[in-house]
Amino acid sequence: MNLYKRFSQYLKPYLPRFIQAGLAMMAVALLTTATIWLIRTVVDQVLIAKNLNKLFFVAAIIPLIYLAKGIFSYIQNYLMNYISHSVIRDMRSELYSHLQNCSLDFFHQNSTGQLMSRLTHDTTTLQSSIAYVPVQVIRDGLTVLCLLFTILYLNWKFALITLFLLPIAMIPVAVLGSKMRKTGRLIQKRMADIFMLIQEGITGNCVTKVFSKEKNEIERFNKENQDYYASLMRWVRADVLGAPIMEFVGSFAAVFLLWVGGKDVINGAWSTGSFFSFLGASISAYKPIKEFTGVNARIQQGLAALERIFELLDQKPTIIEKKDCFNLPPFNQLIQYKNVNFSYETNGRAILKNIALDVRPGEIVAIVGPSGAGKTTLIQLLPRLFDPTQGSILIDGTDIKNVTFKSLRGQIGMVTQDTILFNETVRYNLAYGSNEDGNLGSINLAQLEEAASIANAHPFIQDLPQGYDTQIGEKGVRLSGGQRQRLAIARAILKNPPILILDEATSSLDSESEKLVQEALERLMKHRTVLVVAHRLSTIRKADRIIVLENGEIIEEGRHETLLEKNGLYKKLYETQYSS
Ligand SMILES: Nc1ncnc2c1ncn2[C@@H]1O[C@H](COP(=O)(O)OP(=O)(O)OP(=O)(O)O)[C@@H](O)[C@H]1O
Ligand SMILES: [Mg+2]
């Protein structure tokens, strides 16, 4: 019930429209009934009474009834589509802004495809429920009621017999309904799995090709596709069984009516017009009753989708701004990691242990260590992509948990291990962190070009087909690895933050490209406070201090030369990784 109540909040803004649609539905139901009454008039008062005047009257009124019915049907259909699509638009917006506010760990726990399916497939399913359920309940329900009233009026004896048969016909429908509810949930889930596979299949296609795993991927997809199909067909079997069962039971009623009613008409106990109207009403009631059996299925499908949508909306972000947070003043003294411990929710294993680290303004601190030591994790704590499990991080003595995201993240620039760019123009990507409202007006071309030049990106951008207005493809696929990195560096230069966290890419570039990226990085680091996960010897040499991380612990600390003298892990790392 809570689900309905919660959902009604989304319908609320459209209540006036909904009332209008409801009135139109009622009008359609009444007009359908009117046509049935007209049969009686035509047979008894026109044909049998041989009344030509009335024939003209009836002939004139029939198109009018259908015209009115058509108009009201149009209004009803238009409004229900308007309402359902509006509700879904609102919901989709809410879902998307909710996603934007979810913490990073959430995206590590859910697959992109599955999330996408909630925003697309589930919402579409819900839309069709919103559009059709009220029509089936109000219009068809009312039509059935009016027709029942009609047959009761025309011949209550036969009407009662017909009514008696109706619940019997409904029993199998109710049984089927509960089966469909369960299957409905399964279908939505399986669709989400399909989305996930499609997404992976597209983004991972390059790897699939190189490993010659196309067949595997196709099989993996086909299995999921088959599973989806199987549950869909289970649903279809239940769905399409309702109608024939009802039809079969209904045929008994029709035979009975024809047999007994026909005799009454021949005996003169029942007027021919009434008999035909009765027959017409019973036949006309059949369709809406049949549709009515589909209501449950639609409702169950909609509820299953709604549940999944609300489930997503109920995911609370784990990294949140405190209610009484304030703006962090510009950094000028000390960044301090105080006994920081960290473990990821998913496995609980300690990734960082008792990290104590002081960084002064203008310092370049390099973090080195074996793969998986926790280097990336360590620097991601500073812009609060994750919060320490224990301990705290202070900037100028203020715990970063107490300040606004904007004032904290606004002071931090970040170049990540994997370059992340958007499927937009070069210009859009460069200005990404520097413009307040998303439009590029505040940044002029000269500024863009300057940043790009510092990042060694200007020459290659100029060579692109549309220069700064070239679309670079999803994740920047139309650029080379080194070009992508230089764009990301230019983006950070343009943002011009006092603090920089830098996660050098592990994959090495060819020497020419490497030189350009290296130069760009050096220029980016100048006059900033830098925490850099270093994979390049040149970066390490530039560092004021090197932190050696192993299994989440700082085991050595110092300058390049002193660390080498220590003959510890750093020396080993240096010999294997950096001295080539
Ligand atoms: N989202 C996550 N959920 C659970 N565990 C994670 C997650 N991200 C990383 N880890 C684990 O945390 C550990 C540290 O990862 P991290 O990315 O910080 O390593 P790294 O030192 O940056 O390694 P590399 O040099 O290869 O980039 C790894 O053992 C990894 O398996
Ligand atoms: Mg890393």
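This is a predicted model: local features need pLDDT of at least 70, side-chain atom pairs count only at pLDDT 80 or more; totals for chains, interfaces and linings use all residues.
1. Domains. The chain falls into two parts: domain 1 covers 2–313, and domain 2 is made of 328–410 + 535–580. Between the C-alpha centres of domain 1 and domain 2 the distance is 59 Å.

2. Ligand 1. The shell around ligand 1 holds 15 residues, and Y344, S371, K375, T376 and T377 are the closest. By class, 11 of the shell residues are polar, three are nonpolar and one is charged. Helix 11 (residues 375–380) contributes the most to this shell, with three residues.

3. Length of helix 17. Helix 17 runs over residues 511–525 and has 15 residues. From its first C-alpha to its last it reaches 21 Å, close to the 21 Å expected at 1.5 Å a residue.

4. Which residues of helix 17 are buried? They are L516, V517, A520, L521 and L524. The buried residues line one face of helix 17, because they fall within an arc of 135° when seen down its axis. The general rule behind such a pattern is that an α-helix has 3.6 residues a turn, so residues three or four places apart point the same way. On the other side of helix 17, S511, E512 and E522 are exposed.

5. Neighbours of helix 17. Its buried residues pack against three elements: helix 16 (481–495), strand 7 (499–503) and helix 18 (537–542). Just after helix 17 comes H527, which has a positive phi of about 60°.

Notes: Residues are numbered from 1 along each chain as its sequence is written. Chains are lettered from A and ligands numbered from 1 in the order in which they are written. A residue is near a molecule or strand if its C-beta atom, placed from the backbone, lies within 6 Å of it. Helices (H or I, at least four residues) and strands (E, at least two) are DSSP runs, numbered from the N terminus. Ala, Val, Leu, Ile, Met, Phe, Trp, Tyr, Cys and Pro count as nonpolar, Asp, Glu, Lys and Arg as charged, and the others, Gly among them, as polar. Domain bounds come from an automatic or database domain assignment. The expected span of a helix is 1.5 Å times one less than its number of residues. A residue is buried if 20 or more other C-beta atoms lie within 10 Å of its own, exposed if 12 or fewer, and partly exposed in between; C-beta atoms are placed from the backbone. The arc is that of the directions from the helix axis to the C-beta atoms. Two residues are in contact if their C-beta atoms, placed from the backbone, lie within 7 Å.
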